[in-house]
Amino acid sequence: MFKINKKRLLVTYHENLRSILSPVTFLANAAIDPYVYQQNFEFLHTTTQEEESVSHIPNSLDPKYYISLLLRCSNIFQIRQVHAQLNFNGMIKDLYVANKLLFIYAHHKALTDAYALFNEMKTRDPVTWSVMIGGFAKAGDHLNCFKTFREVMRSGVKPDNYTLPFVIRTCRDTRDLSMGRVIHDIILKYGLQFDHFICAAIVDMYAKCRVIEDAQQLFEKMLNKDLVTWTVMIGAFAECNNAYESWVLFDQMREQGVVPDKVAIVTVVNASAKLGAMHRARLIHDYICRNKFSLDVILGTAMIDMYAKCGSIESAREIFDMMKVKNVITWSAMIAAYGYHGRGKEALDLFPRMLSSGILPNRITFLSLLYACSHAGMVEEGLRFFKLMWDEYAVRSDVKHYTCVVDLLGRAGRLDEAFNLIKTMTIAKDEGLWGALLGACRTHGHIELAEKAAESLLQLEPRNPGHYVLLSNIYAKAGKWENVAKIRDQMTQRRLKKIPGWTWIEVGDKTYQFSVGDSTHPWSKKIYGKLGNLSKKLELAGFVPDTNFVLHDVEEEVKLGMLYTHSEKLATAFGLIATPEGTPIRITKNLRVCGDCHTFIKLVSAIEKRDITVRDANRFHHFKEGACSCGDYW
DNA sequence: TTAGGGTTAG
């Protein structure tokens, strides 16, 4: 047993506090024996200040003692104190200890201290390099990560399986595909083993860089895939808009006996949100319940998003209400969900509730609020939030916020105000912003402004066929056929083709897909029969097809017949045949639902007395008794 | 001693 001099301990403690302000001062006063130093840590870390003795005296020259001390450090100041002691007694020369110190600095994101130590280290081993590069990678310091990696390569040290995943991760985060390919080549050149860490990192990098084929090729070559690798590949497909394949992989993974954990489940929930298929949403929810996964903040938020994107705002809200812990992402997700379901009031009601629960809004919360206002036609409320975000919450508006406000004003026909707002902007304008203005010009037939918007838009994205089509539709609506022809010529000269539109519909546990004029479905005859029948009924009800939209398909020339066979209409007709009366119909389109189809479905919902939900590239359209909740003014 | 995958918007 060792008796502690309490007075001495307190003096040392106060000296330490001073050193928090200045580590250099502590270094100068470091003539403290390691024993008291250790007690000091006891003092700092425990509340039992009455403790008068300890039963064990560690050996101050034992590296393990310092390792244990470092592992107990909870802040940068304590690490600096240990560092000072190591400098004082020379233990810093022990590479094992120095590496650990470097790691602890990096772990606490104290990269300046870590890098200073790294530069002072006379001897370095692969662990040193790996820890330093990993520190930069995890902190998002991409430049220094690459710079340090280049130093490794120049110094002749062979990169190892620990270092490379960090560098690959940085390639992923910076979407630097060419650097990623270089790393892939380095692994081959040095004959390094493609272990789980390396493979998962490369697959993830390729997926984030949108080269899914390369990701898949490597994944398929792997013999014993572990859970993380499976999860990365499942997420990769979802990322590259092939969420159906994510589910195929999830099933395969389980067939091979790999048991998913919470992260894998969240990835599948996210994929189901992208898929928009309610059947899958219910399946994964069942799996979560059966396997008793707790509803933490990340899983809960992902489920809110999934249910909302699969069309059930009620289920999304149920999950939201069940969640005990909610963060700003959870609240923003719920606000956004109400927003794209056209339920602006509910979205806005959440805002004061969020504040009173102690959560501060961020830029995405405001984006979701503005989006909700624009889709519900709540112009004044939207403008109020746009002002409030900077005035009250110091959240600076970026181009996306401006886009929402332009959309908000534009939908309400306040086009000049929208254009004036754009003119006052001091930040860079993007294609989304001009696209919002152009869309509003189409709705309200404002040719002059449309031309200005289109000019800016085509400067930014001269090869996007969507912009040409939109402008040609505006000219067509105004009967300016010469201009329509000009646009068509431009598209032909530049070899631009319109992106094909397609619609899919869930019936039971199956998904059916349609494209314009599609006749591949085995029930094709029945579908067209139903469509003809509907057209007659609509004609009697006074529906006149909006031929302004026939020019959507510029490549196919003016074919009025095509309008009747748009993919949305085929899917709706199929839905009416394939589902019993009273069942809601849910369909999804990859692009925006066309104006003519919007009116068509609205009338069908009234005549056939069916609830029809269309999810398109922009929002949800809930058609009920001949009305739509989307806030669009077709 | 050092290594990987998950939530909102776009």
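Predicted model: local features only at pLDDT ≥ 70, side-chain atom pairs only at ≥ 80, totals over all residues.
Biologist: How many helices and strands does chain A have?

Modeller: Chain A has 33 helices and 8 strands. Both are DSSP runs, numbered from the N terminus: helices are H or I with at least four residues, strands are E with at least two.

Biologist: Why is valine 268 called buried?

Modeller: A residue is buried if 20 or more other C-beta atoms, placed from the backbone, lie within 10 Å of its own; 12 or fewer makes it exposed, and in between it is partly exposed. Valine 268 has 27 C-beta neighbours inside 10 Å, so it counts as buried. In chain A, 42% of the 634 residues count as buried.

Biologist: What does valine 268 touch?

Modeller: Contact means that two C-beta atoms, placed from the backbone, lie within 7 Å. Leaving out residues up to four places away in sequence, valine 268 touches Ile234, Ser246, Phe250 and Ile284. Valine 268 lies in helix α16.

Biologist: What makes α16 mostly covered?

Modeller: Of its 14 residues, 11 are buried. Among them are Ala264, Asn270 and Leu275. The cover includes helices α14 (227–239), α15 (243–255), α17 (278–290) and α18 (297–309).

Biologist: What does α33 reach, and what is expected?

Modeller: Helix α33 (residues 595–607) has 13 residues and reaches 19 Å from its first C-alpha to its last, close to the expected 18 Å. Its buried residues include Cys597, Phe600 and Val604. Just after α33, lysine 609 takes a positive phi of about 55°.

Biologist: What makes β4 and β8 edge strands?

Modeller: Two strands pair if DSSP finds at least two bridges between them. The open sheet has 6 strands in the order β4-β3-β5-β6-β7-β8, with mixed pairing. Strands β4 (510–515) and β8 (627–628) each pair on one side only.

Biologist: How do you know that β3 pairs with β4?

Modeller: The cut-off is two bridges, and 6 bridges join β3 (residues 502–507) to β4, running antiparallel. Tryptophan 504 stands opposite glutamine 513 in β4. The two strands form a hairpin with 2 residues between them, and glycine 508 in the turn has a positive phi of about 60°.

Biologist: Which residues are closest to DNA strand B?

Modeller: Asn99, Ser130, Val228, Thr301 and Ser332 are the closest of the 53 residues that surround DNA strand B. A residue is near the strand if its C-beta atom, placed from the backbone, lies within 6 Å of it.

How values were computed:
Residues numbered from 1 in each chain as written. Chains lettered and ligands numbered in written order. Expected span 1.5 Å × (residues − 1).
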